[in-house]
Amino acid sequence: MKTVEAFTDGACKGNPGPGGWGVLLRMDSQSRELFGGDGATTNNRMELTAAIEALAALKEACTVELTTDSTYVKDGVTRWMANWERNGWRTAAGKPVKNQDLWQALKAQVARHQVNWHWVKGHSGHPENELADTLANRGIEALQR
């Protein structure tokens, strides 16, 4: 199974507001940059979308080392999602899970791969995270043109 590194980030100008997502995929010496946006969204939705798009871009099952600066995404997928699903997509407080559509899409993409989740502090000089952030902002800029 191929191993791919994925670095993801989401951005929003206003929360909610126009948002963008960015992805850097790297395997061996090859890399690929992806980005996109949404005219009315939230930062959390863009963070989730970045992870979904990273995994969806892979044509075959891979081992994916996915790095995000979003504790919401990392904790959601590694700690909370199983309980949400068991509780009918409700939180521990009994409220509907926010962004359920994207959590379910992420779950479907994760099922295709062996994903190892990593967190890095955002805007701390981590080169790949900074590039993912730049790509996410490019997604917003593309909307505004």
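Let's start just past helix α2, where Gly88 takes a positive phi of about 70 degrees. Keep in mind that this is a predicted model.

**Helix α2 itself**

α2 covers residues 71–86. With 16 residues at 1.5 Å a residue, α2 should span 22 Å, and its end C-alpha atoms are 21 Å apart, so the two values agree. There is still a bend to look for: α2 has a kink of about 65 degrees, centred on Trp80.

Which residues of α2 are buried? They are Tyr72, Val73, Asp75, Gly76, Val77, Met81 and Trp84.

**The aromatic rings**

Some of those names come back when you look at the rings. The model has 3 aromatic pairs, and two of them are set out here.

| Pair | Centre to centre | Angle between planes | Kind |
|---|---|---|---|
| Tyr72 and Trp103 | 5.2 Å | 65 degrees | edge-to-face |
| Trp84 and Trp103 | 5.1 Å | 65 degrees | edge-to-face |

Trp103 sits in helix α3 (residues 100–111) and Tyr72 in α2, so their pair ties together parts that are 31 residues apart in sequence. Trp84 is in α2 as well, and its pair with Trp103 in α3 therefore joins parts 19 residues apart in sequence.

Taken together, ring pairs link Tyr72, Trp80, Trp84 and Trp103 into a cluster. Trp80, remember, is also where the α2 kink is centred.

**Helix α1**

α1 is made of residues 43–56, 14 residues in total, and reaches 20 Å from its first C-alpha to its last, close to the 20 Å expected. Buried residues in α1 include Met46, Glu47, Leu48, Thr49 and Ala50. Further along α1, Ala51, Ile52, Ala54 and Leu55 are buried as well.

**The hairpin**

Finally, turn to the strands. β2 (residues 17–27) and β3 (residues 30–41) pair in the antiparallel sense, over 10 bridges. Across that pairing, Gly20 stands opposite Gly37 in β3. The two strands make a hairpin with 2 residues between them, and in the turn Asp28 has a positive phi of about 55 degrees.

Terms used:
Residues are numbered from 1 along each chain as its sequence is written. This is a predicted model: local features need pLDDT of at least 70, side-chain atom pairs count only at pLDDT 80 or more; totals for chains, interfaces and linings use all residues. Side-chain values use heavy atoms; hydrogens and water are left out. Rings of Phe, Tyr and Trp (its six-membered ring) pair if their centres lie within 6.5 Å; planes under 30 degrees apart count as stacked, over 60 as edge-to-face and the rest as tilted. Helices (H or I, at least four residues) and strands (E, at least two) are DSSP runs, numbered from the N terminus. Two strands pair if DSSP finds at least two bridges between them. The expected span of a helix is 1.5 Å times one less than its number of residues. Buried means under 20% relative accessible area, exposed over 50%, partly exposed in between (1.4 Å probe, protein chains only). The bend at a residue is the angle between axes fitted to the seven residues ending there and the seven starting there.
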